[in-house]
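Subject: Structure handover and notes

Dear colleague,

Please find below the structure that I said I would pass on to you.

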Amino acid sequence: MSLPRHSDPIVAIATAPGRGAVGIVRVSGKNIKGLIEALFSRPLKPREATYTPFLDAQGQAIDQGLALFFPAPHSFTGEDVLELQAHGGPVVLQLLLARCLEAAAQISLGTDRACLAGLRVALPGEFSERAFLNDKIDLAQAEAIADLIDASTEAAARSATRSLSGAFSQEIHTLRDALIHLRMLVEATLDFPEEEIDFLKKADAHGQLSKLQQTLSDVQQRARQGALLREGIKVVIAGQPNAGKSSLLNALAGAELAIVTPIAGTTRDKVQQTIQIEGVPVHVIDTAGLRESLDEVEKIGIERAWDAIESADAVLFLHDLTRMNAPDYIAGEATISGILATKLIKRVPVIDIWNKADASVAQQPGEGLTLSAKTGAGLDALRRKLLEVAGWQNAPEGVFIARERHVQALRAVDEHLTEAARHLAAQAQSLDLLAEELRLAQNALSDITGEFTSDDLLGVIFSSFCIGK
């Protein structure tokens with residue numbers, strides 16, 4: 001598999017923007033020895049750090065640092081790779097980047113020039129893309145690189161590391177190998193229908209398919225957990241003004257993020273904070289109090305609150321225990337409940353939270369949780385409830401990071417194997433259909449690791465990476 005631009009030599013700053021102790025400029029191409037000679041006037045020993053000055057075209061020092069050369073194919077991208085490790089100032093790194101481009105353009109005609117004439121700044125994720133195209137990593141491992149960088153919790157980072165090491169890919173390959181063996185049995189039966197030996201019965205095709213489905217179910221479960229670690233859940237706090245929404249956000253975050261006052265309508269816009277519960281990222285959004293308002297600014301905040309509610313994974317509907325018997329409050333609760341039922345067409349869990357237990361003797365009149373955002377009483381029960389709603393299992397073993405596309409692909413495999421089991425039960429009447437379902441299942445598996453993936457999908461995936469990775 002290749003893309004039209006994948007043969008160009010590329011260069012980029014490989015460290016995050018800003019100042020730091022060390023910054024890296026990375027070059028990758030099919031033959032960059034000419035560039036090394038132009039930059040240093042001598043070759044570099046493979047895989048050995050060389051402390052050297054970095055000079056501009058006039059021989060003036062830009063900086064001093066380490067140069068490392070990784071000849072193909074023993075490099076991250078599978079091509080020749082040069083890394084210049086300098087001090088991490090943005091000006092220094094930009095000068096080194098410009099020097100590489102300038103040196104490549106000035107190299108004399110010859111084989112090296114032919115390889116370096118097109119040296120250009122890398123696109124986002126292009127180094128990882130080269131590694132994938134040159135079979136150094138598969139697509140799931142490439143995605144794990146970005147997920148490791150973006151991990152917001154320790155659990156997510158550890159799971160991404162598992163995927164990067166190939167744990168997820170190995171699971172997929174094990175499923176694929178079992179699927180290929182089953183396909184071989186079916187094809188043999190189709191190719192030799194006159195034989196007395198029934199290949200499928202003799203090889204226990206029913207048992208093999210059943211075992212394959214059980215293994216798939218286990219991989220699916222851990223992939224869903226991995227996707228949860230990567231994506232987290234979006235939780236919206238909703239309710240009438242002064243129900244304690246901002247106080248609850250502050251209590252969950254352990255910081256004074258939202259302004260809390262006795263004045264109704266203090267929160268005019270969404271306030272979001274990501275917290276973690278047992279390693280799961282939870283994106284908590286505090287919203288404007290839901291009520292009828294003539295204030296134009298508050299009305300905009302209320303509209304945004306409803307938008308957030310509709311896109312949530314879970315809604316915390318906050319009730320004020322101290323006002324449960326007030327007629328206007330009762331009417332407001334009924335109105336919000338009715339609109340929630342209308343707007344939440346998809347199955348978004350709504351958790352009733354009865355707040356201000358510290359200031360009221362009233363008991364919660366319905367299902368849900370009673371707590372005090374002020375004192376923190378009941379917050380642990382809320383955290384457990386959020387994990388339950390998200391589908392998180394306590395300390396799952398062997399979780400690898402996964403993306404929604406992986407979960408969908410595994411779901412497609414499951415559907416094809418279910419159909420395959422139905423056709424297998426019919427045997428001779430549906431063997432062609434059985435073979436087709438098994439083929440489609442294999443394609444869905446191969447889509448995860450990139451063995452059966454369109455160039456368009458690759459472009460979407462790698463464009464989300466940071467430049468230099």
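Predicted model: local features only at pLDDT ≥ 70, side-chain atom pairs only at ≥ 80, totals over all residues.

Residues are numbered from 1 along each chain as its sequence is written, and side-chain values use heavy atoms, with hydrogens and water left out.

The chain has 16 helices and 12 strands, where helices (H or I, at least four residues) and strands (E, at least two) are DSSP runs numbered from the N terminus. Of its 469 residues, 46% count as buried, a word that stands for under 20% relative accessible area, with exposed meaning over 50% and partly exposed in between (1.4 Å probe, protein chains only). Among contacts (heavy atoms within 4.5 Å) between residues at least 6 apart in sequence, 68% join residues at least 24 apart.

Strand β2 (residues 20-29) is mostly covered, with 7 of its 10 residues buried. Strand β2 pairs with β5 (residues 80-88) in the antiparallel sense over 8 bridges, and there Val-27 has Leu-82 in β5 as its bridge partner. Strand β1 (residues 10-13) is joined to β2 by 4 bridges, again antiparallel, with Ile-10 opposite Ser-28. These two strands form a hairpin with 6 residues between them, and Gly-18 in the turn has a positive phi of about 115 degrees. By contrast, β1 and β6 run parallel and are joined by 2 bridges, with Val-11 opposite Val-121 in β6.

Helix α1 (residues 33-40) has Gly-34, Leu-35, Ile-36, Leu-39 and Phe-40 as its buried residues, and just after α1, Ser-41 takes a positive phi of about 65 degrees.

The sheet with β7 and β9

Another open sheet, also mixed in its pairing, has 6 strands in the order β8-β9-β7-β10-β11-β12. Strands β8 (271-277) and β12 (369-370) stand at its edges with a single partner strand each, so one side of each is left without a neighbour in the sheet. Strands β7 (residues 233-239) and β9 (residues 280-286) run parallel and are joined by 5 bridges, with Ile-233 opposite Val-282 in β9. Helix α9 (residues 205-231) lies across β7 and β9, running at about 50 degrees to β9.

Cores and helix packing

Which residues have the most contacts inside the largest nonpolar core? In this core of 36 residues they are Leu-248, Val-282, Leu-316, Ile-353, Leu-382 and Leu-386, a nonpolar core being a set of buried Ala, Val, Leu, Ile, Met, Phe, Trp, Tyr and Cys residues joined through side-chain atoms within 4.5 Å. Helix α13 (residues 379-390) gives the largest share of this core, 4 residues. Leaving aside neighbours within four places in sequence, Val-282 is in contact with residues including Ile-233, Val-235, Ile-275 and Leu-386. Apart from this core lies another, of 31 residues, among them Leu-175, Ala-409, Ala-435 and Ala-441.

The axes of α10 (residues 245-253) and α13 come within 11 Å and cross at roughly 85 degrees. The two helices are therefore roughly perpendicular, the term for 65 to 115 degrees, while angles under 35 count as roughly parallel, over 145 as roughly antiparallel and the rest as oblique. Here Leu-248, Ala-251 and Leu-252 in α10 meet Leu-379, Leu-382 and Arg-383 in α13.

Helices α5 (residues 139-150) and α16 (residues 455-463) pack at about 25 degrees with their axes 10 Å apart, and are therefore roughly parallel. Leu-139, Ala-142 and Glu-143 in α5 meet Leu-458, Ile-461 and Phe-462 in α16.

With best wishes

Technical notes
Axes fitted to C-alpha atoms, helices over the stretch in contact; angles between N-to-C directions. Pairing = 2+ DSSP bridges.
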